[in-house]
Amino acid sequence: MDSGSCCNNIVLIGFMGSGKSSVGAALARSLSRVLLDCDTLIEQTQSLRIAEIFAKEGEAGFRQKERALAEWLARNVRNAVIATGGGLPIFYENIQNLGVVVYLKADFDTIHARLSHEERAKRPLFADASKARALYEQRAQIYAARAHHTIDTNDTKGGVQGIATAIVACLESKGIV
Ligand code: S3P
């Protein structure tokens, strides 16, 4: 398995609402790195919200943009924290080209309870909770298989910073940071 050491990025993957963006921000602060959030970059580049891209171009149009961004990041970005969208490591099989991949694992019920109605509305693939649960079940093993490391985020007593600290400890123990 590629160790992801090529470009020294730390790449957060996981289902929608698993905390990739908020944990990514805390992790970037802890390690004095830049955070690149894939969904935000796509929204800024297109001047459209994710839900608008899905409505205008369908999921296929969104996946094309997401893949193009991932390929660009793999070629150009070093030493960053990258927060991916939940589908990126599913549709972009070479996710490990981006760096060390860390899976933020949480149960579907935990994720569902964490996301407000407003947060769900931003995510077209979360519009229907039973379809989102089925998607989660399809994807869970793929996330685990494509990650170098898995961090359980069900217990959030330490908050977002606690999860970031657990990631730093895991990566330090492997000599990665
Ligand atoms: C998606 C996850 C979303 C966003 C898009 C599709 C997915 O990002 O990229 O709505 O397929 O899981 P978050 O994981 O940040 O919600």
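What does the accessible surface of the chain come to, and what percentage of it belongs to carbon and sulfur atoms? Then take me through helix α1 (residues 20-31).

Guide: This is a predicted model. The accessible surface of the chain comes to about 8600 Å². Carbon and sulfur atoms hold 50% of that surface. Of the 177 residues, 46% count as buried. The chain has eight helices and five strands. From the N terminus on, they run β-α-β-α-α-β-α-β-α-α-α-β-α. The radius of gyration is 15 Å, close to the 16 Å of the globule rule for 177 residues, so the chain is as compact as a globular protein of that length. Take contacts between residues at least 6 apart in sequence: 76% of them join residues at least 24 apart.

Now to α1. This helix has twelve residues, 20-31. At 1.5 Å a residue, α1 should span 16 Å. Its end C-alpha atoms are 16 Å apart, which agrees.

Next, its buried residues. They are K20, V23, G24, A26, L27 and A28. An α-helix has 3.6 residues a turn, so residues three or four places apart point the same way. K20, V23, G24 and L27 are among the buried residues of α1.

What do they pack against? Among the strands, the buried residues of α1 meet β1 (10-13), β2 (35-37), β3 (81-83) and β4 (100-105). They also pack against a helix, α8 (159-173).

Just after α1, S32 takes a positive phi of about 50°.

Key:
Residues are numbered from 1 along each chain as its sequence is written. This is a predicted model: local features need pLDDT of at least 70, side-chain atom pairs count only at pLDDT 80 or more; totals for chains, interfaces and linings use all residues. Side-chain values use heavy atoms; hydrogens and water are left out. Helices (H or I, at least four residues) and strands (E, at least two) are DSSP runs, numbered from the N terminus. The expected span of a helix is 1.5 Å times one less than its number of residues. Buried means under 20% relative accessible area, exposed over 50%, partly exposed in between (1.4 Å probe, protein chains only). Contact means heavy atoms within 4.5 Å. The radius of gyration is taken over C-alpha atoms; the globule rule is 2.2 Å times the number of residues to the power 0.38. Accessible areas come from the Shrake-Rupley method with a 1.4 Å probe; for residues, only the protein chains shown count as cover.
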